Amino acid sequence: MSDKKIFIAGFGGQGVLLIGQMLAYAAMHEGKEVTWMPSYGPEMRGGTANCTVCISDEKVASPLVTECDVLVAMNGPSLEKFEKMLVPGGHLFINSSIVPGKATRDDVNVHYVDCTKIAEEEVGNGKTSNMVMLGAIIRKSGAVSLDIMDTVFEDTLKGGKAKLIPSNKKALTAWN
């Protein structure tokens, strides 16, 4: 695997940081070197939030990302602000449930993911929309293996959160 630089952005409360954490945990379980760096405004829910995830076979020199291989835009302002960061040939994931606009570039792989509709109709739980997006990222970008997510969920969703594992697993494969 080559290095992957991933940038995920949206509103606070959309699970942006959790998507990044899950990718980071998965990469660690695969024995990769990884950094995860969150950034969010003081208002959190409803404010802006983003994070970077760097995955490599070798030590990661810096968690700062100015260009990325994978860009996830969970809302319209994030698409407008960060689309230029994506390298040619990279993967752009757009939450088409919320983002009314389309990608302006034709030199990248664009994936429109109707996260909310899929989470509600296919999974039966609208709160899994971020896991729908995570599944799309994993399956199209190859950043980590989809199979490792079983281990990640079992390690991170413990106690009362363990009941969320089945719906989260279902959400990972709901988009095609």
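Me: Is Cys68 buried or exposed, and what is the relative accessibility behind that reading?

Reply: This is a predicted model, and in it Cys68 has a relative accessibility of 1% and therefore counts as buried. The cut-off that matters here is 20% relative accessible area, under which a residue is called buried.

Me: How many disulfides does the structure hold?

Reply: The general idea is that a disulfide is a covalent bond between the sulfur atoms of two cysteines. In this structure there are zero disulfides. Cys68 takes part in no disulfide, and the nearest cysteine sulfur, which belongs to Cys54, lies 9.9 Å away. The cut-off for such a pair is 2.5 Å between the sulfur atoms.

Me: What is the nearest cysteine sulfur to Cys51, and where does Cys51 stand, buried or exposed?

Reply: There are zero disulfides in the structure, and for Cys51, which is in none, the nearest cysteine sulfur is that of Cys54, at 10 Å. Cys51 has a relative accessible area of 0%, so this residue is buried.

Me: Turning to charged side chains, how many salt bridges does a search of the whole structure find?

Reply: The search finds five salt bridges, the criterion being a side-chain nitrogen of Lys or Arg within 4 Å of a carboxyl oxygen of Asp or Glu. One of them joins Lys32 to Asp57, with 2.7 Å between the closest N and O atoms. This pair links distant parts of the chain, 25 residues apart, since Lys32 lies in the loop between helix H1 (16-29) and strand E2 (33-40), while Asp57 lies in the loop between E3 and E4. Lys32 has a relative accessibility of 22% and so counts as partly exposed, and Asp57, at 43%, likewise counts as partly exposed.

Me: Which residue meets Lys59 in a salt bridge, and where in the chain do the two partners lie?

Reply: The side chain of Lys59 meets that of Glu33 in a salt bridge, at 3.9 Å from N to O. Here too distant parts of the chain are linked, 26 residues apart, with Lys59 in the loop between E3 and E4 and Glu33 in strand E2. Lys59 counts as exposed because its relative accessibility is 70%, whereas Glu33, with a relative accessible area of 30%, is partly exposed.

Me: What is the salt-bridge partner of Lys169, and which residues are joined with Lys169 into one network?

Reply: Lys169 forms a salt bridge with Glu154, and the closest N and O atoms are 4.0 Å apart. The two residues sit 15 residues apart in distant parts of the chain, Lys169 in helix H6 (residues 165-172) and Glu154 in helix H5 (residues 149-156). Lys169 is partly exposed at a relative accessible area of 30%, and Glu154 is partly exposed at 47%. Through salt bridges that share partners, Asp150, Glu154 and Lys169 are joined into one network.

Key: Residues numbered from 1 in each chain as written. Predicted model: local features only at pLDDT ≥ 70, side-chain atom pairs only at ≥ 80, totals over all residues. Heavy atoms only, no water. Buried < 20%, exposed > 50% of the residue type's maximum accessible area, 1.4 Å probe, protein only. Helix = DSSP H or I, 4+ residues; strand = E, 2+ residues; numbered from the N terminus.
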